[in-house]
Amino acid sequence: MSSKKDSSNSNFYKEPGPKLSAESPFESMMERFRFAAEILKLDEGMFQYLASPVKQIIVSIPVVMDNGNIEVFEGYRVIHDNVLGPSKGGLRFAPDVNLEEVKALASWMTWKCAVVNVPFGGAKGGVRCNPKELSMTELERLTRRYTAAMLEVFGPNKDIPAPDMNTNEQVMAWIMDTYSMNAQRTETAVVTGKPIILGGSQGRKEATGRGVVTVTLAALNKMGIMPNKTKVVVQGFGNVGSVSAQLMYEQGAKIIAVSDISGGYYNENGLDIPKMITYVKNNNNSLEGFKEAEKISNEQLLELECDVLIPAAKEDQINRTNAHKIRAKIIAEGANGPVTANADSILEQNGVMVIPDILANAGGVTVSYFEWVQDRQGYFWTEERVNRRLNRMMRNAFDNLYQVSEEYSITLRQAAYVYAINRVATTLKLRGIYA
Ligand code: NAD
């Protein structure tokens, strides 16, 4: 990589970052980061700084398996940035976890925290393993040994993990306990996403869906559309999708279609969302067999005419092959990376407002921040207080991005990156580079 400064040639915007496939969510994120850097006219040094992680740790994790054999797993933690405060980001257990992916996800967290104005930098962790093949006791030993390897990295004022793919409240409780045993004091603020009885926050489970709905209502308001006059489509009916559907339903919106891995369920007169949530709870977390709707495919669902489309399942759902068929006025990205960079310009040309993931699904990290604050205060808030403060922070973040999008005549997504990068770069300039 060239270290020569050459602002007449913006090639340096193209170099850093992981080498990933063209339509991957991470490559899409890097493309958006480069675009925002150009708008902000970041100089090469600042660009390199913001594109490079602060710290990358790889550890070997030996675990005595239930059969007495030793197996060694590889674990990662990447701190992308800690300019705004301690770094924050999830920990995932999956067979395909690798350093490049963790690096990309860590930088994603930096921009997400900056967009909603929580005082955290970005981080991510992972262990390459197949959690489906591990017993609970093996999972516990793996988690504790990974935590032991990260004792110098984690800390309430340093780096704070949270749940991600295949990790949950129990895994967070083991991390908290292992860290606390070594520190010889109970240190609840070292992780978030804990069980409520162990210092978790009220409202954390619903926070992401609630945040999606807050920014959706703000967008509808800008368009002069009443929530109770809207038709809504939701892809994915897990944590984020079902809460988003329920809260839009409570606003009087007509939810005309939802889907999960079993397919799409459509009713032009509106679905009974509370009934579907109960159905899923009693049906192994699946909508399979739900009768009071017409069955459609996930592809058809995305192309339905509606006011709001909430993709809340997985990445790359709206891409260059189907973007021109989208007939929603607003897309609120509940999932991470559901719209590819290639689809962005098609949607923009067609006048679709996209509320980007780093804003739309940041309700989760915002309530994680509240959990950390409550743990440090030793004083716990009511759910009503959590929800009120979450709504306020999400609403403020939406208004900030909307203002930036108008100021530069750019999309909300571009505004999100411009806002976040500008915030980190401005803070860094004030702090200066320690030498
Ligand atoms: P989840 O596992 O609870 O639910 C996922 C849902 O998507 C399930 O209903 C599943 O059946 C469905 N699904 C899977 N593949 C599908 C497909 N091909 N078509 C249609 N539906 C499909 O997960 P979640 O926690 O709700 O997360 C959903 C997305 O939101 C992910 O991208 C996640 O990274 C992102 N996200 C979640 C949180 C959070 O707090 N849970 C926070 C930020 C971002």
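The legends below accompany close-up views of a predicted model.

**View 1. An open sheet of 7 strands with mixed pairing.**
The strands follow one another in the order E9-E8-E7-E6-E10-E11-E12. Strand E9 (294-296) and strand E12 (353-355) stand at the edges, and because each of them has a single partner strand, one side of each is left without a neighbour in the sheet. From one strand to the next, the twist averages 25°.

**View 2. Asp164 in salt bridges with Arg92 and with Lys124.**
In the salt bridge between Asp164 and Arg92, the closest N and O atoms are 2.6 Å apart. Asp164 lies in the loop between strand E5 (159-163) and helix H5 (169-183), whereas Arg92 belongs to strand E3 (residues 87-94), so this pair ties together parts that are 72 residues apart in sequence. Asp164 counts as partly exposed, with a relative accessibility of 22%, while Arg92 has a relative accessible area of 10% and is buried. The side chain of Asp164 also meets that of Lys124 in a salt bridge, with 3.0 Å from N to O. Here too the pair links distant parts of the chain, since Lys124 sits in strand E4 (residues 121-128) and Asp164 in the loop between E5 and H5, 40 residues apart. Lys124 counts as buried because its relative accessibility, 7%, falls under the 20% limit for that class.

**View 3. A salt-bridge network of Arg32, Glu333, Asp344, Asp357 and Arg413.**
Salt bridges that share partners join Arg32, Glu333, Asp344, Asp357 and Arg413 into one network. Across the structure, the count of salt bridges is 22.

**View 4. The contact of helix H13 with helix H14.**
Helix H13 (residues 383-408) and helix H14 (residues 412-431) pack with their axes 8 Å apart and at an angle of about 105°, which makes H13 roughly perpendicular to H14. On the side of H13, the residues that meet H14 are Phe398, Asn400, Leu401, Tyr402, Val404, Ser405 and Tyr408; on the side of H14, their counterparts are Leu412, Ala415, Ala416, Val418 and Tyr419. Sorted by class, the contact of H13 with H14 has 10 nonpolar and 2 polar residues, and no charged residues.

Definitions and conventions
Residues numbered from 1 in each chain as written. Predicted model: local features only at pLDDT ≥ 70, side-chain atom pairs only at ≥ 80, totals over all residues. Heavy atoms only, no water. Pairing = 2+ DSSP bridges. Helix = DSSP H or I, 4+ residues; strand = E, 2+ residues; numbered from the N terminus. Axes fitted to C-alpha atoms, helices over the stretch in contact; angles between N-to-C directions. Salt bridge = Lys/Arg side-chain N within 4 Å of Asp/Glu carboxyl O. Buried < 20%, exposed > 50% of the residue type's maximum accessible area, 1.4 Å probe, protein only. Parallel < 35°, antiparallel > 145°, perpendicular 65-115°, else oblique. Contact = heavy atoms within 4.5 Å. Nonpolar A, V, L, I, M, F, W, Y, C, P; charged D, E, K, R; others polar.
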